[in-house]
Amino acid sequence: MRLQTTEGTGPAIPGSDKREYISKSTALPFGQDVALPSLSGPKYVTAQTLVQQVTYALSDKLFTYSPESFDLDLAAKSWTAENAKNAHGDVTGVQALETRTGAGAMALGYMFSPDFDLEKRHVPQSVVASAASLEYLRPCLDQLALLYDVANPTNLQVAALDYAAETKAGLVTDYCSALTLAEELGMGLVASKNAYETQHMALLSIILSSLLPSIHTYDGITVGRETTRVVDVLSISGLKRVYDAVLENVKDDLSSKRLTDEGKLLNVLQAFNVELGTEYKCFEYHGHASPTSVMVVFGTVEASLSAQIADALAAQGVKIGVINVRVYRPFVEEEFLSALPPTVQRITVLGQVKTQVNVTDASINSSIYADVLAAVNFQSMSSGKEPNVYDVKYARETVWTVAKMEALLRKLGEAEAATAEASPLQLISADTKQYTFWDLAGNSTADAAPMVGQLLADDGALNVAVRNGHDNLAQGGVVRTDVRCSSKSIEAAYGIREADVVVVADEKLLQSFNVLASLKPEGAIILKSEQWKDEDVEKKLTAVVRKALAAKKVDLYILDPKASTKVEEDPSLETYLIQLAFLKVARPEIYESGLKKVSASDDSLEALAKDLDAAFKKIDIPEDWLSVEVEENVSLPSAEDLNINSFVSFENLEEAPPSYLRTWTTAAKGLAFKEAYGTSTALRPDLGVKTAIVHVKEHRRLTPLTYDRNIFHIEFDLGDSGLKYEIGEALGIHAENDKAEVEEFIKWYGLNADEIVEVQNRDDPSILENRTVYQSLMQNVDIFGRPPKRFYEALSEFASDEHEKTELLALGTGGNQEAVQELKRRAEVDTVTYADILLEFPSAHPSFHDIVRIVNPMKRREYSVASSQKVTPNSISLLIVTVNWADPKGRDRFGQATRYLNALPVGAPVTVSVKPSVMKLPPKTTAPIIMAGLGTGLAPFRAFVQERAWQREQGLPIGDVFLYMGSRHQREEYLYGEEWEAYQDAGIITLLGRAFSRDQPQKIYIQDRMRQTLSDIRKAYLRNEGAFYLCGPTWPVPDVTAVLEEAVEVEGKTNGGKKVSGQKEIERFKEEGRYVLEVY
């Protein structure tokens, strides 16, 4: 099944309209097989397919040297299997061979075999190979050159492609191998500039092989595999007609002793142009009419890209030109000199060499440089004019982008272009629409992009181009697909830079690639995100991504496949859901005009279209995203395109359900082959927030040992962690379970502590981490936490005892009132844990991978920071009260995080993270602050007071500081008492209201101390526009708020007797950030 416009005709896959779309190879148009007779007239093709068509049509034998994933001979092999006839009325023999020592021997042996049919001596023999094969073919080509007078016309169709493991790129574009071979063996060498002339150049090389063995080379990484529409594809009969006509026209010239090879080439080229109605030249000029600097290039991307940029720069007045070497051998010096404008003073040869070492070696020159230099010297002997010739070398691994090529050409034309305005270059027609799709290569949705391209190609008025690339060294395999469509022909040998719409099928890609760099300002981005919740936007999108989205003013759309009932029933339909979402945003005219499906066996598309309303929505981007603070040293990846290092996705042969227990070999493979397995190392991989390691610097109990409450001050040394925090923020403690209890649980439950288990990331269930059973229980699985009702229901599925199963199910579903009360007692009185339940119901014994699934993950515990980093730049402090109690069975129970913190010795490492808070000081240092803290709620106010003291040290004026503190007893719980009194003596704290509720017969609370100083509050809070803060338990909130409301109303009466609503004023203060609560 595939989507199809109402104007479209024909099935997605030839021969069957009920088969699912499956991309066979990116070397084929839209990834699909193409019938040989169908290649004629306007046709969607790849350059690689056209090369195979020409050689298959005109050759007797086709010898191919193609690594499996390169697919250089895929189409030709299918045509032979179908017994497709060539231009001679025969089935071309396609012989697929290995690239190794002795390569080429079979082809040579075939031509000079005693059994060879001499009537076929004039019929060309062709070799299809990558540049990597040339060094292995070299010995046989040496012999062929010596015997060429009695050999068949022989041509090599060479994809300029090699794999260089020592480079970052992996796949490299290799022209230097063909250049060297042609120069040293005297072979002809022709290069294609783009996909539109690939068929013609392949044909020219075969015709030229009647003169000398010839090579046609073309880009094998991007342009050669791009699906594009060529309007004048020659059919088999058309190829034969041109081939015969040209050879008939020049047959006397080819055998002439008077003409040099260069002269014969020019005659062949002239006859070739006459037959095709073209104007091909050995050297093609683009750029300014009167340039002072010219660059000479060879190769597909190099020629196409430099020509377009040179023309665009010329329009801006930059006196730069480009000469594309279409035919390198024979090198016709006169033709080169005639292509050279007379105003040229400098000639720069952009020449490829093999390695980066060759680039820096001054003793090595590029192949073309010597020919250009000789031609220029020859000219100077007759004209006296000699432009300077320079050799700019680049290695095979260089990937030419618009930015790189433009920078180079501007630099070469710099002297004359000093006053030229460097405005953006327009390289494609204005009506071109551009779309980029990003996906993980292993996802079924990766086929959505070529399917969209095929859908758009149904419109005969459009020209569509589709190119893709795989980066298997990122995220376990990433694929990027660019789709362009225009009413005009498209020539773009580069990735999309300003897409109208970008589709991202996995939100992790936003972190690994600068996806937004390829999106134009005010464009649209469609992000697939499962189980999306608007409140989780900060978890899903990093600060740097949110800021970039706001800066580009893009439209953000979210597609949640989990919200589609149809996709939940049949996950394979997700590909079509993505296409529908894309069409709704990018091509609404197609979406609205109606889509029909070729396979009419069900109503899947109609149901998907209905689901789209629930699964697809636009997200408003708030203005404050533009000013969001980005963490230091955090930025989007570089704006480079993905690194194409494969043509197929990484094949994972070890699929297994998540959370299954594994061996150490699982983790070892992931660590040894990080890129292939998408492995990343992290301090705490189970945590979705940025963490740091700090060390305990001080642990000081603030209450007496004999007192029933253990409140302690703990300070951490930040060391070189780089941790930064602001006033009022909270420190998240990523605590661990008690070691002894974990070991006891492992023992009685019968687990192997060292086995590997895959656990879900706490914040993103789609991310799985490998951890040992011991690590999972210590840091990830909240096995000693309080279970919710759903745990009982989930556990009932594992119970083998019917009585236990019934009881668990009743507790989990609240089947009756008795079960509801029992569940409440268990939670609030008995305070049972997950481990307790597993022990209580022994017949319910889930495996550990099921425990990971049904037991909640541990959460970080957050505590208000009790220090200012301006005062203590290398440390951070907390104020903690331990949580402990005894259950009805007399067992000691503890709060997990406070127990963990209290047991830490000085020097112990702790994993922490910072969480923003609403507790912030007023912007003005002179604004009064009124703080009310109960117990450990004093923590943020210690930081506030430290900050105000630091501000005064800097010479800044500060406002009044009121601190109201409450606890039970002054003797036992006067937390930081000496510090408060010292700050009061120093004039930092101007009012200290202490309320110790149980130190006198009549209980006194902070609201009482506040009411006693109501006039001071009225002045600081209302007249001087101060801010009020309350931190601690929730119970005093109504009473404290009532005091503030009273202050408002009294102040209103004092100022003219006007009645003011205290409640409304406090609500207004809340909106202004002058009434802030942090209660629990």
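Glutamate 1025 sits in the loop between helix H36 (1014-1023) and strand E39 (1027-1032); helices (H or I, at least four residues) and strands (E, at least two) are DSSP runs, numbered from the N terminus. Glutamate 1025 is not a glycine, yet has a positive phi of about 55°. Its relative accessibility is 54%, so glutamate 1025 counts as exposed (buried means under 20% relative accessible area, exposed over 50%, partly exposed in between, with a 1.4 Å probe and protein chains only).

Before going on, a word on what you're looking at: this is a predicted model, where local features need pLDDT of at least 70, side-chain atom pairs count only at pLDDT 80 or more, and totals for chains, interfaces and linings use all residues. Residues are numbered from 1 along each chain as its sequence is written, and side-chain values use heavy atoms, with hydrogens and water left out.

Asparagine 83 is another residue with a positive phi.

Most residues other than glycine have a negative phi, and most peptide bonds are trans. On the peptide-bond side, the bond from arginine 329 to proline 330 is cis, with omega near -5°. Proline 330 belongs to the loop between strand E15 (327-329) and helix H10 (333-339).

A cavity here is a set of points, on a 1 Å grid over the protein atoms alone, where a 1.4 Å probe fits but cannot get out, and lining residues have an atom within 4 Å of a point. Grid points are joined across faces, edges and corners, and a volume is the space filled by probe spheres set on the points.

The largest cavity comes to about 120 Å³. It has 13 lining residues, and Gly104, Ala107, Val127, Leu141 and Leu144 are the closest to its centre. Helix H3 (105-111), strand E5 (125-130), helix H4 (134-146) and strand E6 (154-160) each put at least two residues into that lining, and H4 gives the most, with 4 residues. By class the lining has 10 nonpolar, 3 polar and no charged residues, where Ala, Val, Leu, Ile, Met, Phe, Trp, Tyr, Cys and Pro count as nonpolar, Asp, Glu, Lys and Arg as charged, and the others, Gly among them, as polar.

The second largest cavity has a volume of about 110 Å³, and its lining splits into 6 nonpolar, 3 polar and 3 charged residues. Among the lining residues are Lys193, Tyr196, Glu226 and Glu491. Domain 1 (33-276) and domain 3 (433-626) both contribute to the lining, so this cavity lies between them; the domain bounds come from an automatic or database domain assignment.

Last, a sheet. In the order E31-E28-E35-E26-E27-E32, 6 strands form an open sheet with antiparallel pairing (two strands pair if DSSP finds at least two bridges between them). Strand E31 (861-864) and strand E32 (875-881) are the edge strands, each pairing on one side only. Strand E27 (residues 711-717) runs antiparallel to E32, joined to it by 7 bridges, and glutamate 715 stands opposite serine 877 in E32.

Notes:
1 Å grid on protein atoms, 1.4 Å probe; cavity = no way out; pocket = protein on both sides within 12 Å on 5 of 7 lines; lining within 4 Å.
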